[in-house]
Amino acid sequence: MRYELSQRFYFEAAHTLRRKVEVEPSLRIHGHTYIANVTLAGQPDPDSGMLVDLAHLRGHIETLRHALDHRLLDEVADLGPATLENLCAFIWRAMEAHYGQQLDSVEVSRQASGDACRLRR
């Protein structure tokens with residue numbers, strides 16, 4: 001058996017995007033409400049009974065959220081173009097630094113438009 005532990009967070013951010021369709025609206029600064037979900041997987045520690053202490057996970061997520069929330073994503077270092085795929089990869093790298101092989105998946109969605117991307121181990 002394998003346990004999965006998830007923490008969801010949101011951030012509001014703006015960006016531009018260079019693309020070949022919907023060129024004009026994509027080039028204008030526009031924003032979204034993003035919802036991200038980080039999932040860790042594995043076996044709980046036999047002494048604590050926890051896969052990870054949620055207080056630690058929430059702290060790492062809050063640091064990450066601060067880097068993204070109410071930002072112009074075009075200016076976030078190491079993000080690249082502000083696509084859902086790049087946001088997943090950015091969050092993955094930040095969480096993997098703390099949780100290594102326990103990191104199972106990262107999902108970023110924009111509920112208003114129904115878009116989502118999930119990156120899995």
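Q: Which side chain does Asp-104 meet in a salt bridge?
A: This is a predicted model. In it, the side chain of Asp-104 forms a salt bridge with that of Arg-2, at 3.0 Å from N to O.

Q: Where do Asp-104 and Arg-2 lie?
A: Asp-104 is in strand 4 (residues 103–110), while Arg-2 is in the segment before strand 1. The pair therefore ties together parts that are 102 residues apart in sequence.

Q: Is Asp-104 buried or exposed?
A: Asp-104 counts as buried, because its relative accessibility is 15% and the cut-off for buried is under 20%. Arg-2, at 48%, counts as partly exposed.

Q: What else forms a salt bridge with Arg-2?
A: Glu-4 does, with the closest N and O atoms 2.6 Å apart.

Q: How many salt bridges turn up in the whole structure?
A: A search finds 6. One of them joins the side chains of Glu-96 and Arg-121, at 3.5 Å from N to O. Glu-96 lies in helix 3 and Arg-121 in the segment after strand 5 (115–120), so this pair ties together parts that are 25 residues apart in sequence.

Q: How accessible are Glu-96 and Arg-121?
A: Glu-96 is partly exposed, with a relative accessible area of 32%. Arg-121 is also partly exposed, at 44%.

Q: Switching to helix 2. Which of its residues are buried?
A: Leu-57, Ile-61, Leu-64, Arg-65 and Leu-68. Seen down the helix axis, the buried residues fall within an arc of 105 degrees, so they line one face of helix 2.

Q: What do those buried residues pack against?
A: They pack against strand 1 (3–15), strand 2 (30–42), strand 3 (71–72) and helix 3 (84–99).

Q: And which residues are exposed on the other side?
A: Ala-55, His-56, Thr-63 and His-66.

Q: How far apart are the end C-alpha atoms of helix 2?
A: They are 21 Å apart. Helix 2 has 15 residues (residues 54–68), which should span 21 Å at 1.5 Å a residue, so the two values agree.

Q: What caps its N-terminal end?
A: Asp-53 caps the N-terminal end of helix 2, with a side-chain oxygen 2.8 Å from the backbone nitrogen of Ala-55.

Q: What about phi at His-70, positive or negative?
A: Positive, near 55 degrees; His-70 follows helix 2.

Methods
Residues are numbered from 1 along each chain as its sequence is written. This is a predicted model: local features need pLDDT of at least 70, side-chain atom pairs count only at pLDDT 80 or more; totals for chains, interfaces and linings use all residues. Side-chain values use heavy atoms; hydrogens and water are left out. Helices (H or I, at least four residues) and strands (E, at least two) are DSSP runs, numbered from the N terminus. The expected span of a helix is 1.5 Å times one less than its number of residues. Buried means under 20% relative accessible area, exposed over 50%, partly exposed in between (1.4 Å probe, protein chains only). The arc is that of the directions from the helix axis to the C-beta atoms. Contact means heavy atoms within 4.5 Å. A polar contact is a pair of N or O atoms within 3.5 Å; within protein, one must be able to donate a hydrogen and the other to accept it, and residues adjacent in sequence count only if both atoms are side-chain atoms. A salt bridge is a side-chain nitrogen of Lys or Arg within 4 Å of a carboxyl oxygen of Asp or Glu.
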